[in-house]
Amino acid sequence: MIQLIDVHKSYTKEHETIKGVSFEVHEGQIFGLLGPNGAGKTTLMQMIATLMKPTSGQILIDGLSADKSLLEIHRKIGFLTNEIKLDPLSTPNALFEFFASLYDIPKNEMKDRRDESFARFGISPFAEKRIRELSTGMKQKISIAISLIHDPPVIIFDEPTNGLDILTSKQVTDYLKELRDKGHAIILSTHIFSVAEELCDDIAVLIDGSIVAQGNVEELIAQTQVNTFEEAFFKIYVENHKE
Ligand SMILES: Nc1ncnc2c1ncn2[C@@H]1O[C@H](COP(=O)(O)OP(=O)(O)OP(=O)(O)O)[C@@H](O)[C@H]1O
Ligand SMILES: [Mg+2]
């Protein structure tokens, strides 16, 4: 569903931020990107979401490339990043309606989807409040609901549980599991080990723009000959970081 083939990205001539990354994410799979600050996770996800072009290499979504099939790809992907801000003066209802209209979702269908996702995330009592009055967690849940408004088969979530309390975080991780079980292909980044451990079927450890280890939790623990996933990550980090 998602295919990266030798993807490179340089923001400047002097430094290569992504140094030849390749991986695949399939239907019904959650793929995790784990790595220290500045490793290039957001850069990779922005390129997969077609917000930015790789300097070289190929990214295919369901076999399609952004060069030829940008609109088709946009209908297939849902993208969440904490760098996109909701209009502080708008309301959850108005935002949902606006984004639904961008995807040509008919009004009655929009209402059904809104009712379902607002009920799931406890947004309904806040539906007519201004965004600026809402808590971080509520804003994040609204962003999630909006990013999935068109029921995309491919989900690209950059730190989806960032800033969320344990209960809200569980609502989000439970939802992602449900979407995986329905056959969506999901890629997420996180700094939270328990989230990666619980959700990810395949994990790539990204350090300084390269994937230095990949596998499921048990495989990464076995590869590094330690006892816990956190220890595995630290060992991989110590063995692979440069500075
Ligand atoms: N627009 C940009 N122009 C120049 N350099 C950038 C730009 N965006 C990111 N970078 C650099 O690219 C590198 C990777 O950044 P990126 O945000 O992708 O990392 P990340 O893995 O998402 O980090 P974090 O865990 O902190 O979110 C960093 O060194 C960053 O400074
Ligand atoms: Mg990031």
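Colleague: What share of the contacts in the chain with a separation of 6 or more comes from residues 24 or more positions apart?
Modeller: 67%. A contact means C-beta atoms, placed from the backbone, within 7 Å. This is a predicted model: local features need pLDDT of at least 70, side-chain atom pairs count only at pLDDT 80 or more, and totals for chains, interfaces and linings use all residues. Residues are numbered from 1 along each chain as its sequence is written, while chains are lettered from A and ligands numbered from 1 in the order in which they are written.

Colleague: How many helices and strands?
Modeller: 9 helices and 10 strands. Both are DSSP runs, numbered from the N terminus: helices are H or I with at least four residues, strands are E with at least two.

Colleague: And why call the chain as compact as a globular protein of that length?
Modeller: Its radius of gyration is 18 Å, close to the 18 Å from the globule rule for 243 residues, so the chain is as compact as a globular protein of that length. The radius is taken over C-alpha atoms, and the rule is 2.2 Å times the number of residues to the power 0.38.

Colleague: Switching to the inside. Which residues have the most contacts inside the largest nonpolar core?
Modeller: Ile-48, Ile-156, Ile-186, Ile-187 and Val-205, in a core of 64 residues. Such a core is a set of buried Ala, Val, Leu, Ile, Met, Phe, Trp, Tyr and Cys residues joined through C-beta atoms within 7 Å. Buried means 20 or more other C-beta atoms within 10 Å of the residue's own, with C-beta atoms placed from the backbone.

Colleague: Which strand gives the most to this core?
Modeller: Strand 9 (residues 202-207), with 5 residues.

Colleague: What does Ile-187 touch?
Modeller: Leaving out residues up to four places away in sequence, Ile-187 touches Ile-2, Val-25, Phe-31, Leu-33, Met-45, Ile-48 and Ile-156.

Colleague: Why is strand 3 largely enclosed by the rest of the structure?
Modeller: 5 of the 6 residues of strand 3 (residues 29-34) are buried, so the rest of the structure largely encloses it.

Colleague: How does strand 3 run against strand 8?
Modeller: Parallel, over 5 bridges. Ile-30 has Ile-186 as its bridge partner there. Strand 3 also runs parallel to strand 9, with 4 bridges. Pairing takes at least two DSSP bridges between two strands.

Colleague: Last one, the ligand. Which residues surround ligand 1?
Modeller: Tyr-11, Thr-17, Gly-35, Asn-37, Gly-38, Ala-39, Gly-40, Lys-41, Thr-42 and Thr-43. The cut-off is a C-beta atom, placed from the backbone, within 6 Å.

Terms used
Two residues are in contact if their C-beta atoms, placed from the backbone, lie within 7 Å. A residue is buried if 20 or more other C-beta atoms lie within 10 Å of its own, exposed if 12 or fewer, and partly exposed in between; C-beta atoms are placed from the backbone.
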